[in-house]
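Open the model in your viewer and keep the selection panel at hand. We will go from one selection to the next.

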Amino acid sequence: MLSEQLVDLSRLQFAITALYHFLFVPLTLGMTWILVIMESTYVMTGKTIYKDMTRFWGKLFGINFALGVTTGITMEFQFGTNWAYYSHYVGDVFGAPLAIEGLMAFFLESTLIGLFFFGWDRLSRRQHLMVTIFMAIGTNLSALWILIANGWMQNPVGAEFSYVTMRMEMVDFWAVLFNPDAQAKFVHTVSAGYTTGAIFVLAISSFYLLRGRDVEFAKKSFRIAAAFGFASVCSVIVLGDEAGYSIGEAQQTKLAAMEAMWETEPAPAGFNLVAIPNEKEMKNDFAIEIPWVMGIIGTRSLDKQIPGIKEIRETNRQRILSGQIAVTALEALRKNPADSESRALLEQHAQDLGFGLLLKKYVVDVRTATPEMIEKAVSDTIPAVAPMFWTFRLMVAFGFLMLALFGTALWHSIKGNFADKPWLLRWALWMLPVPWLACELGWFVAEYGRQPWTIYGVLPTHLSVSNLSVASIYGSLAGFVGFYTVLLIVEMYLMVRFAKQGPGSLGTGRYDNEYAHA
Amino acid sequence: MLFDYPTLKLIWWLLVGVLLVGFAIMDGHDMGVGTLLPFVAKDDVERRVVINTVGPHWDGNQVWFITGGGAIFAAWPLVYATAFSGFYWAMLAVLWALFFRPVGFDYRSKIANPTWRKTWDWGLFVGGAVPPLIFGVAFGNLFQGVPFYFADNLMPIYTGSFWALLNPFALLCGVVSTAMITFQGATYLMHRTEGDVYRRTQTAMLIFGGLLLLTFSAAGVWLWQGIDGYAIASTVDAGALPNPLDKEVVRQAGAWLANYDKYPATMALPALAYAGTLAAMLLAVNGATLAAFVASSLAIVGVIGTAGVSLFPFVMPSSTDLRSGLTVYDSVSSHLTLNIMLWATLIFMPIIIAYTSWAYKVMAGKVTAAYIRENDHAAY
């Protein structure tokens, strides 16, 4: 059996590298469209200031993009290096969107980003704008394919288990492609990226306005960011709600955990605004409930019930017992492929095979699992409620805080008096870290909420890892932490330096703070 | 579906080869440029000239590597799982070396401090030299077999150590690979530069071209005389559902050369490696740099093709549990996935080649010191 420490360390390394990678991705997603808006305005109006805006914000975008690329390769390597059994077990399904992402999207954005930076003097205005637009399209397609892969981890449609190859195999590519979970995640995630890009431009522009520098440049940037940001943050919130509605058991379990909903309530269920979840006694010690709201968000109806944690546990207990039979039959079949009785049993219980594998955490031969082990496995199927409950609420609170900011910024942008409102500018500046916090919390809700599975209902996390020594993972973890710390310091140094210097860093002679850097 | 399962398995062996060759030609030339950087450019302007020959392109080129990895994940999941976890520290070394490239290219010239710039120059050297070295070493180990087996549930279990990978034959293959990639970088760099940098690069080109011929020959002789290959002893059902444990494998002297007897046409590949390298050296010395780049790219087709044909049908033989060795027949994805991936490749590869060629066309011409001075703020 794989040691628990090995599994925990592998998870920790994945979480650290994924959260770190996700510091750079949202900004890239948002900035590409903001660059498209700025450059389109340049091409339409012919005003040089919009070209300078594209180039200056593009410079900051480039500093961020470099680390996005650097840390993205880690993610691709890591499935193989640290999650070898996962890679074998679901590579037939999960590998395809990753490979197509490279072919369709990442090639496009990476090839064109070179022309974005170096092609200004060699391309016509329209050609360069097309480069920027296709770079943005490539970036967003990239996110689409990654989230199709991720969506399949949450809701593994279009695939079946094969006992001969001992893995999941794709049977319906279109089902994987149009997985409702993937679609909901895609729109929610890219909108979160757009919001991040908008706050980035809004906050730094506010900084120039507070200092009274490069006022025209900052005002034009602020306006674009306010309008783009308002649309984006509305979309995050509305489409986040759509993600909550998504069907599928993984979502139901997550929903119950992040709502601390222990009992199945009569429809429509109430929404716990705040609560103190008590995991041991499976109840909330305190709760402020808003009636009806949860039922409407979760089912889009007034009469459908949402299962509570206790009901989900009972369902899962039955599935574990059925899965126990499936695993036993599978192991017999692997030893003797002619064993038709086992094949029939496996077919009958195949949909619960993953639940049977949960027992492997406690015992090699699942037939000998004790009632205590089964009870533990049942408890494993529900992610810890308190972290889910609070991270989700914090993320939502940040979302509404950003909505308030963008609403106000857009209002004063339309009235044209935002530059005279230091409180607004200061507020915008202080909001700079908020979208990143919200994005990381969102990752946590989605991925921690999927535990104990890597593929919901199919493959438990503890079986997914590579067979490595604990020392190896300590070593690689130390390496990642070391590299990533240095890279972050370097990146932040450059980002702050160029953001502070402002458009003067272009060396055009048109802006404040011009000084030769070389 | 257009092709049956056995045919698709072979097509995917070819396609993985195409992606590897594409990676070596495209990402290879900018890695080679990174390796040459500290040696062919003396002052900061010269170094910026060298870096800017690949400045607009390295990022797109690197996607050959990323897509190659993704394609192996999708088409040969067992190879992806076994090789990446087994070669754990080697893969991390590649990964960490690659870390220096995006930040090296993008951050280096943003600050004028000489120590800062020199540090990143060596970073670009590491990012250019280490990955081809390690990939060569990995190939060298494939020829000797890798110590791994599959547990009953097909969990790959690696039983060797990292240091055992660094054996003499594998290191020789590492030199072949590094010489090949640096040679490729040199023909490219000659095409895009002039003056002193051009002259120094020409010298480097001759050195690495010679080294490639020498080490490629030495590795060939060693493989012929000193290394036992592997062969499948049981009958192969190419259309069967992949199960790597369902075969018998034997270790045999000379097995790695058997394909050249069986399919004499494959002799063209090692011949191409020699002809391409020699032609590239000749053409480059005579100033036909673009033709030299094409010739060195053909040499890459020859070298990688030789390795692939020698190993065929193996992809990753096991030295300790022979039947666990992975072949093109039993490490693959399902028929449906191979088919979908084939279509994705057929549709997108021509598009990728089209816009990549366009990007090179837009940026064509020599990178000069004058260009760097004029674009002080915008160039790398």
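This is a predicted model: local features need pLDDT of at least 70, side-chain atom pairs count only at pLDDT 80 or more; totals for chains, interfaces and linings use all residues.

Residues are numbered from 1 along each chain as its sequence is written, while chains are lettered from A and ligands numbered from 1 in the order in which they are written.

**Stop 1: chain B**

Select chain B and colour by secondary structure. Chain B has 13 helices and six strands. These are DSSP runs, numbered from the N terminus: helices are H or I with at least four residues, strands are E with at least two. The C-alpha trace spans about 65 × 40 × 40 Å along its principal axes. The radius of gyration of chain B, taken over C-alpha atoms, is 21 Å. That agrees with a compact globule of 380 residues, which would be near 21 Å; the rule is 2.2 Å times the number of residues to the power 0.38.

Of the 380 residues, 56% count as buried. Buried means 20 or more other C-beta atoms within 10 Å of the residue's own, with C-beta atoms placed from the backbone; exposed means 12 or fewer, and partly exposed lies in between.

**Stop 2: the interface**

Now show both chains. The contact takes 63 residues from chain A and 61 residues from chain B. Two residues are in contact if their C-beta atoms, placed from the backbone, lie within 7 Å. On the chain A side, H3 (48–82), H4 (84–118), strand E2 (167–170) and H19 each supply at least two residues. Select H4(A): its 24 residues are the largest share of that side.

**Stop 3: the nonpolar core**

Which residues touch the most other members of the largest nonpolar core? Select A:Ile34 and A:Leu202, in a core of 282 residues. Such a core is a set of buried Ala, Val, Leu, Ile, Met, Phe, Trp, Tyr and Cys residues joined through C-beta atoms within 7 Å. Stay on A:Ile34. Beyond four places in sequence, its contacts include A:Trp57, A:Val201 and A:Phe228.

**Stop 4: A:Gly502**

Select A:Gly502, in the segment after helix H19 (470–501) of chain A. Is A:Gly502 buried or exposed? A:Gly502 is buried, because 22 other C-beta atoms lie within 10 Å. Beyond four places in sequence, its contacts include A:Tyr208, A:Arg213, A:Asp214 and A:Tyr511. Finally, draw a distance to A:Trp436: the C-alpha atoms are separated by 22 Å.
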